[in-house]
Amino acid sequence: MESSWNLETYLANGVESIVKEILRATLKDPKESLFMAAFARSSKAGTARREELEAQGHHIPPFLIASISSLCNLHCKGCYARSNGTCTEDLPAGLLSSKDWQRIFKEAESLGIGFILLAGGEPFMRRDVLEEAGKIPNILFPIFTNGTLMNESSLTLLKRCRNLVPIFSIEGEQKKNDLRRGDGVYQKVTDAMETMKKERLLFGASVTVTTQNLTEVTGDKFLQDLESCGCKIIIFVEYVPVTEDSRALAPGENERAYLSSRLSMLRNSDFSPVLISFPGDEKSSGGCLAAGRGFFHVDPCGDVQPCPFSPYSDRNLKEISLLEALESPFFKDLKQHDVLKDEHAGGCVLFERRNQVEEILQSEL
């Protein structure tokens with residue numbers, strides 16, 4: 001098992017902090033506040049369960065990223081999911097069924113995993129899987145969505161299942177957002193946010209940070225607009241280049257330092273939404289948290305991967321349990337070779353070291 005001298009404390013404190021902050025942000029809404037108070041209790045139980053398994057030699061990360069759909073109704077520029085084949089025009093063979101996902105979610109619950117981030121493709125194109133997720137209130141399911149498919153049926157589901165929390169993707173003001181996502185998408189997303197606010201439903205925003213939009217998406221106007229729309233969680237995701245040509249868009253040390261400083265200032269102000277940065281300060285956690293250190297990724301066909309930006313796998317959940325998948329020799333080798341601790345120019349160390357990652361995988365096959 002990997003030596004994790006401060007990892008459990010780091011992750012446990014991070015999870016508890018996120019839960020407390022979301023609870024604080026929802027105090028004005030009795031239904032959301034009651035749900036988050038109950039979730040806070042189950043989150044502590046989940047942490048205790050992971051600690052119990054840690055003592056038995058099993059390191060269980062608190063987060064799982066699940067790409068449940070291979071389809072998407074948009075064609076965003078620089079989309080990593082289309083670049084690595086996770087998102088396709090046609091349904092690939094071997095997609096996990098809703099029953100498969102139900103089993104995975106229940107196994108995750110039994111291991112103490114408290115957050116499963118639902119991604120794609122577009123997750124709202126797999127309503128059957130969202131229904132299964134809604135049946136497990138001890139897990140919070142942030143749904144990373146482009147926001148264009150929100151309708152009355154979606155709202156009914158979200159009212160019934162408070163553990164499903166839409167996280168709307170938005171890249172900045174209308175011009176920058178629609179330049180990447182398509183004409184009219186900004187208006188659809190902001191309309192969806194206004195509807196969520198009207199219905200008093202918890203939601204957040206996912207902001208991909210590049211060298212081109214950094215000052216805009218961390219600026220007062222953009223953030224105050226999100227706050228006034230009722231957004232309670234804002235997740236800043238550093239852009240990962242999908243080609244060598246787009247490497248210049250990935251934030252470097254200076255940009256990451258600026259983002260960290262700006263978020264620190266906002267957290268110490270009266271700005272109400274919860275602010276999360278991903279991957280955040282990797283140095284404070286001993287490197288990248290992928291490959292099961294802090295999270296891992298399951299693709300639409302069940303392949304267990306280090307992260308969404310590193311689509312390599314030696315295990316599939318159709319054949320083994322979630323616990324067995326986390327014991328992947330590939331994951332262990334990534335950690336033993338210290339790939340996750342390597343310095344990188346920006347975005348993702350596994351992307352920059354992909355040749356080495358492929359060599360490690362081939363040695364296991």
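Student: What makes Glu152 count as exposed, and where is its place?

Tutor: In this predicted model, the place of Glu152 is in helix H6, residues 152-160. Its relative accessibility is 59%. Exposed means over 50%, so Glu152 counts as exposed.

Student: How far is Glu152 from Ser264?

Tutor: Their C-alpha atoms are separated by 37 Å, and the two residues are 112 residues apart along the chain.

Student: Why is the contact between Arg49 and Glu52 called a salt bridge?

Tutor: The closest N and O atoms of Arg49 and Glu52 are 3.2 Å apart. The cut-off is within 4 Å, between a side-chain nitrogen of Lys or Arg and a carboxyl oxygen of Asp or Glu. The pair therefore qualifies as a salt bridge.

Student: Where do Arg49 and Glu52 lie?

Tutor: Both are in helix H2, residues 30-55, and they are three residues apart, about one turn of the helix. An α-helix has 3.6 residues a turn, so residues three or four places apart point the same way.

Student: Why are Arg49 and Glu52 called partly exposed?

Tutor: Arg49 has a relative accessible area of 27%, and Glu52 has 40%. Partly exposed lies between the buried limit, under 20%, and the exposed limit, over 50%. Arg49 therefore counts as partly exposed, and Glu52 therefore counts as partly exposed.

Student: How do you know that the span of H2 is close to the expected one?

Tutor: H2 has 26 residues and reaches 38 Å from its first C-alpha to its last. The expected value at 1.5 Å a residue is 38 Å. After H2 comes Gly57, whose phi is positive, near 100°.

Student: What makes Glu131 and Arg127 a salt bridge?

Tutor: Their closest N and O atoms are 3.0 Å apart, and the limit is within 4 Å, so the pair qualifies. Both residues lie in helix H5, residues 127-133, four residues apart. Glu131, at 22% relative accessibility, counts as partly exposed, and so does Arg127, at 29%. Arg127 and Glu131 are also linked with Arg160 in a network of salt bridges.

Student: Which class does Lys221 fall in, and which does Asp225?

Tutor: Lys221 has a relative accessible area of 53%. Exposed means over 50%, so Lys221 is exposed. Asp225, with 28%, is partly exposed. The side chains of Asp225 and Lys221 meet in a salt bridge of 3.0 Å, N to O. Both lie in helix H10, residues 220-228, four residues apart.

Student: How many salt bridges does a search of the whole structure find?

Tutor: The search finds 18.

Student: Why is strand E6 called largely enclosed by the rest of the structure?

Tutor: Buried means under 20% relative accessible area. Six of the six residues of E6, residues 233-238, are buried, so the strand is largely enclosed. Ile233, Ile235 and Val237 point one way, while Ile234, Phe236 and Glu238 point the other way. In a regular strand the side chains alternate between the two faces of the sheet.

Student: How do you know that E6 pairs with strand E5?

Tutor: Pairing needs at least two bridges. E5, residues 204-209, and E6 have six bridges, so they pair, in the parallel sense. Val207 stands opposite Phe236 in E6.

Student: What joins E6 to strand E7?

Tutor: Five bridges join E6 to E7, residues 274-278, and the two run parallel. Ile233 stands opposite Val274 in E7.

Methods
Residues numbered from 1 in each chain as written. Predicted model: local features only at pLDDT ≥ 70, side-chain atom pairs only at ≥ 80, totals over all residues. Heavy atoms only, no water. Buried < 20%, exposed > 50% of the residue type's maximum accessible area, 1.4 Å probe, protein only. Expected span 1.5 Å × (residues − 1).
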